[in-house]
Amino acid sequence: MANHEPTQKATIRVQRFNPDVDPKPYLATFEIDITGDTTILDALELIKGTLDGSLTFRRSCRHAICGSCAMNVNGRNMLVCNRRVNALLDRQGRVTIRPLPYLPIIKDLVVDRSSFWEQYLRVKPWLIPPATNGGPMTGEYHVLPEEVEALKMAETCIMCGACYSACQVVAMNKQYIGPHALLKAFLRVLDPRDAAPAERLANVGGEDGVFRCHTIFNCIDACPKGLDPTFAIETLRKLAQKRQAFEADRLERQKSL
Amino acid sequence: MYKTTGFISFLFRRVSGVALVLYLFMHIWVIGAANGGAEAFNARMAVLQAPLFRILEVALLTAVIYHGFDGIRLLIVHWFRVTEYRQSLFYAMFVLFVLVSIVGGVPLLLFALEGN
């Protein structure tokens, strides 16, 4: 797309690390021309295409929906594809790009997200439908608009890892389930179609679950989608203490599904 | 380090919490002297009349006030789930902490400096 705005200089500092060669990560500095529309991801692509082809980073959709390009820019986790460089320049006219913090670095800006996905699987992120005694489901679910509304806050998560990597508790304890998975647990627990809320609440109410959260709010501040994992965690804390009654209500509710 | 107001409050909460636990050991050490009679207790209390401990008393007060107010802030978050007011709650708590610390700390400090 043609852009006729005047260009300006920007200094992009990128944390580099090649585990085969470098003893520890270091900052590399690149000078590039940007326009008002240049995103951080555009800047990285420009560096990779014209200055240093060995720069390594993840990206895919460029529409802030795939969750691949979450990085730490000027100390804050964000998706780099929907943030403009000129809005993030510091006083010295620089932008500093680092990989997501607290996760093992594979190379440059690419981190190992294994623990992120392992914790995600712990909460069984899929829907567990009511038992049909082995037969196929008949009919369809009827979910009330207000029940859908209650889940709005959680269902647009794109699994980018920004919240997980910003979480101070995750930094100190990799056994902690993490805000991303607890948000998903919240989504399933409050879904009227789900048949196992008590089991889920027992799981997230356990040793590595919601009571590990120190209510630091970094997950909310980091989320590029404006979601609220802390609210989900607080809700799960309340429900975990009355999970049997909650499941009884759920079974009653499902008779009218 | 992911520096936000949430992180700062968490750091202070941890530091003040650990400091209070350490204080508790000292407290028990002093109070425990009462088992040895009035004289032993008075002798141990005399150790604490040094200026250093008077200043530390002010530090103890600020740690208690911070930890207490931050706890109340978190209880508000837990009960009412008001995560959207996280910044305002922190600042309100911090202002209260500073005010109460001044009200309580200045007389303590004057008392420590006057030395009686």
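The buried residues of α7(A) are Pro179(A), His180(A), Ala181(A), Leu182(A), Leu183(A), Lys184(A), Ala185(A), Phe186(A), Leu187(A), Arg188(A) and Val189(A), where buried means under 20% relative accessible area, exposed over 50% and partly exposed in between (1.4 Å probe, protein chains only). The helix is thus described as mostly covered, with 11 of its 11 residues buried. Helices are DSSP runs (H or I, at least four residues), numbered from the N terminus. The model is predicted: local features need pLDDT of at least 70 and side-chain atom pairs count only at pLDDT 80 or more, whereas totals for chains, interfaces and linings use all residues. Residues are numbered from 1 along each chain as its sequence is written, chains are lettered from A in the order in which they are written, and side-chain values use heavy atoms, with hydrogens and water left out.

Helix α3 (residues 114-122) of chain A packs with α7(A) at an angle of about 25 degrees, and their axes are 8 Å apart; the axes are lines fitted to C-alpha atoms over the stretch in contact, and angles run from 0 to 180 degrees between N-to-C directions. This angle makes α3(A) roughly parallel to α7(A), a term used for angles under 35 degrees. Phe116(A), Gln119(A) and Tyr120(A) of α3(A) meet His180(A), Ala181(A) and Lys184(A) of α7(A), contact being defined as heavy atoms within 4.5 Å.

The largest nonpolar core has 70 residues, and those with the most contacts inside it are Ile12(A), Val14(A), Leu44(A), Ile97(A) and Leu236(A). Such a core is a set of buried Ala, Val, Leu, Ile, Met, Phe, Trp, Tyr and Cys residues joined through side-chain atoms within 4.5 Å. Helix α7 of chain A gives the most to this core, with seven residues. Domain 1 (8-111) and domain 2 (114-254) of chain A both give residues to the core, so it lies between them; the domain bounds come from an automatic or database domain assignment. A second, separate core of seven residues includes Cys163(A), Phe217(A), Val82(B) and Leu89(B). The C-alpha centres of the two domains of chain A lie 31 Å apart, and their contact takes 11 residues from domain 1 and 16 residues from domain 2.

In chain B, Phe41(B) is found in helix α2 (residues 38-47). Phe41(B) counts as partly exposed, because its relative accessibility is 25%. Leaving aside neighbours within four places in sequence, Phe41(B) is in contact with Val30(B), Ile31(B), Ala33(B) and Ala34(B).

How values were computed. Helices (H or I, at least four residues) and strands (E, at least two) are DSSP runs, numbered from the N terminus. Angles under 35 degrees count as roughly parallel, over 145 as roughly antiparallel, 65 to 115 as roughly perpendicular and the rest as oblique.
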